[in-house]
Amino acid sequence: MNVAVLGASNKPDRYSYKAVLMLKEKGHTPFPVHPSLKLVEGIPVHASLPAIRESIDTITVYLSPANQKNIEDDILHSTARRVIFNPGAENPELAERLRGAGKETLEACTLVLLSTGRF
């Protein structure tokens, strides 16, 4: 499964960093997204969601709602069938728009979903 990680970090104490590593460990293909990073543990980082050339199945969001404003349309028009809002990233208005476009939305922790086999 191809998974975009919005708000990826190269700091090992950040949950978005841990998510990139755990996604890879569990057999998924992570696509870290951050406008100014180049690599996360050797994995190329994309400057934006539209910069990803492969089809994305799931987007996991680690950005606050304020930091989602400029990329809401990118999320809405992506190929992702599911968007996960991690704790602190919950955005009811965007989630409603996504559901209206036929996308599944979850308010959940990606790390917990992966570690419990419910991803």
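Arginine 81 lies in the loop between α3 and β6 (helices, H or I of at least four residues, and strands, E of at least two, are DSSP runs numbered from the N terminus). Arginine 81 is exposed, at a relative accessible area of 55%; buried means under 20% relative accessible area, exposed over 50%, and partly exposed in between, with a 1.4 Å probe and protein chains only. The C-alpha atoms of arginine 81 and aspartate 57 are 5.7 Å apart in space, although the two are 24 residues apart in sequence. The model is predicted: local features need pLDDT of at least 70 and side-chain atom pairs count only at pLDDT 80 or more, whereas totals for chains, interfaces and linings use all residues. Residues are numbered from 1 along each chain as its sequence is written, and side-chain values use heavy atoms, with hydrogens and water left out.

Serine 55 also sits in a loop, between β4 (43-44) and β5. Its relative accessible area is 44%, so serine 55 is partly exposed. From C-alpha to C-alpha, serine 55 and serine 78 are 8.4 Å apart in space and 23 residues apart in sequence.

In strand β1, five of the five residues are buried. Asn2, Ala4 and Leu6 are on one side and Val3 and Val5 on the other, and both faces are covered. Strand β1 pairs with β2 in the parallel sense over five bridges (two strands pair if DSSP finds at least two bridges between them). In this pairing, asparagine 2 is opposite threonine 29 of β2. Strand β1 also runs parallel to β5, to which four bridges join it, and alanine 4 stands opposite isoleucine 59 in β5. With helix α1 (residues 15-25), β1 and β2 form a right-handed β-α-β unit; right-handed means that, with the strands pointing away from the viewer, the path from the first strand over the helix to the second runs clockwise.

Strand β6 (residues 82-85) is likewise covered on both faces, with Arg82 and Ile84 buried on one side and Val83 and Phe85 on the other. Parallel pairing over four bridges links β6 to strand β5 (residues 58-61), where threonine 60 is opposite isoleucine 84. Strand β6 also pairs with strand β7 (residues 104-107), in the parallel sense and over four bridges. Phenylalanine 85 stands opposite glutamate 107 of β7. Between β6 and β7 the chain passes through helix α4 (residues 92-100), in a right-handed β-α-β crossover.

In soluble globular proteins, nonpolar side chains tend to be buried together. A nonpolar core is a set of buried Ala, Val, Leu, Ile, Met, Phe, Trp, Tyr and Cys residues joined through side-chain atoms within 4.5 Å. The largest such core has 19 residues, and Leu6, Ile59, Val61 and Ile75 have the most contacts inside it. At least two residues of this core come from each of β1 (2-6), β2 (29-33), β5, α3 (72-76), β6 and α4. Helix α4 supplies the largest share, three residues.

The lining of the largest pocket comprises seven nonpolar residues, five polar and one charged (Ala, Val, Leu, Ile, Met, Phe, Trp, Tyr, Cys and Pro count as nonpolar, Asp, Glu, Lys and Arg as charged, and the others, Gly among them, as polar).
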